[in-house]
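Welcome! Let's walk through a protein model together, one topic at a time. Keep the picture open as you read.

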Amino acid sequence: MNQRQLALAHFNRAAKYYQKAIYVQAIHHYLAGLKIDATRAEIYADLAKAYEMLGCWDHALNSLETALRLRPGFTTALRRKQRILEEQAFYEAAQNRLDVNPELPVQHRRSENSTDNTIEIEHSRFTLTCPDTTPQSTISAVCQLAERIYNEVGGMFQCYPRHPIPISMEDASLPSYSTLNRTLPPWAAARYNNGIQLIHRPGNTGTGILSTLIRHEWVHLTVDLLAQGQCPRWLDEGLAQTIARPLMNFEHEYLEDARQNQQLLTMDVLKKPFHQFDSRQRRLAYLQSSAIVGYLVNQFGFARIREILNRIGNGSASEIAIQDTLGKTPDEILASWQLDNNGANHETQSNPRTENPFV
């Protein structure tokens, strides 16, 4: 195998690892290939995307600068740079606002039912289980954030879990980590499934990112408790997305492109489980649900949304609960949202660096 073929083999492996959301290995192969052939701007742009998924903003931006030196005006690199700068600004600002000290020590004990490689943290409001390779700073941050979010989300919905919530973390930095031993879908960094599951990734330990992930899943947990598992998917995901963080400018632009191209999803589609969609449709479903729920909160107030969840939890069909509370059917809500300021840019039209009003 000559040098060019060896570089291409690394790039192909990197792409496969990226598709499987094993970003650490993807980066390893991108870098190995670039040591052999450092002339390809598109590879540096793809390397930046892998760094972006780990929250390694500076590494991502450096890769994009290299791509732009190799190919001035490279549209893909310029677009990714704009997006990453926006993400970096938001999550760093969110981290600065959080009163979290990752150096705060955490008392822990090993679970009696786990292996020697597992740590379990017991708290009155949650239990945290994670590999003993998880950094103590990450464990401390998760514990502090979970306690804070318990109070904030509970107060917002006027609903608190009666029993400690299980939180588990998988360590994506381990050499043995692969799609075979992960319990989450490849595209997800967290999930609610009768508990909260998180993935720890190197670089993705900033409290701004952790707070967004935990808050998103805690909203799912609370909605599940209130609506007894019967909340429409678009409302459930929209609440989790909207409360976790506001839509960013590049996401508003994505929605606007979908609107102009008549590609927005119907409410019947948005009722379906999002994991069944392809990557593009799934992304659109999350963003559209978030924008619709943000529109409803602005129009009717959060108390009305809480009332809908309570009605569903008390046995009302979701569409009846929505229509009785808001005076609109889901289809009429979609139409109103699309008409209101063209549907895509309604929420606050503010810079996403501003605070989320829900937080």
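Here, a residue counts as buried when its relative accessible area is under 20%, and as exposed when that area is over 50%. C231 has a relative accessible area of 12%, so C231 is buried. Keep in mind that this is a predicted model. With that in hand, here is a tour by topic.

**The cysteines**
- The structure holds 0 disulfides.

- Strand β3 (residues 165–171) runs parallel to β5, and 5 bridges join the two. To find this pairing in the picture, look for I167, which stands opposite I196 in β5.
- Strand β4 (residues 190–192) runs antiparallel to β5, with 3 bridges joining them. Here Y192 is the residue that stands opposite I196.
- β4 and β5 form a hairpin with 3 residues between the strands, and in this hairpin N194 takes a positive phi near 60°.

- Helix α7 (residues 207–227) packs with helix α12 (residues 302–313) at an angle of about 50°, and their axes are 7 Å apart.
- Angles from 65 to 115 degrees count as roughly perpendicular and those under 35 as roughly parallel, and α7 and α12 are therefore oblique to each other.
- On the α7 side, V223, L226 and A227 take part in the contact, and they meet L309, N310, I312 and G313 in α12.
- Sorted by class, this contact of α7 with α12 has 5 nonpolar, 2 polar and no charged residues.

**A closer look at E237**
- E237 lies in helix α8, which spans residues 233–244.
- Is E237 buried or exposed? Its relative accessible area is 8%, so E237 is buried.
- Leaving aside residues up to four places away in sequence, E237 touches H216, H220, F274 and Y286.
- E237 and S290 are 53 residues apart in sequence, and their C-alpha atoms are 7.1 Å apart in space.

Note on methods:
Residues numbered from 1 in each chain as written. Predicted model: local features only at pLDDT ≥ 70, side-chain atom pairs only at ≥ 80, totals over all residues. Heavy atoms only, no water. Pairing = 2+ DSSP bridges. Helix = DSSP H or I, 4+ residues; strand = E, 2+ residues; numbered from the N terminus. Axes fitted to C-alpha atoms, helices over the stretch in contact; angles between N-to-C directions. Parallel < 35°, antiparallel > 145°, perpendicular 65-115°, else oblique. Contact = heavy atoms within 4.5 Å. Nonpolar A, V, L, I, M, F, W, Y, C, P; charged D, E, K, R; others polar. Disulfide = S-S within 2.5 Å. Buried < 20%, exposed > 50% of the residue type's maximum accessible area, 1.4 Å probe, protein only.
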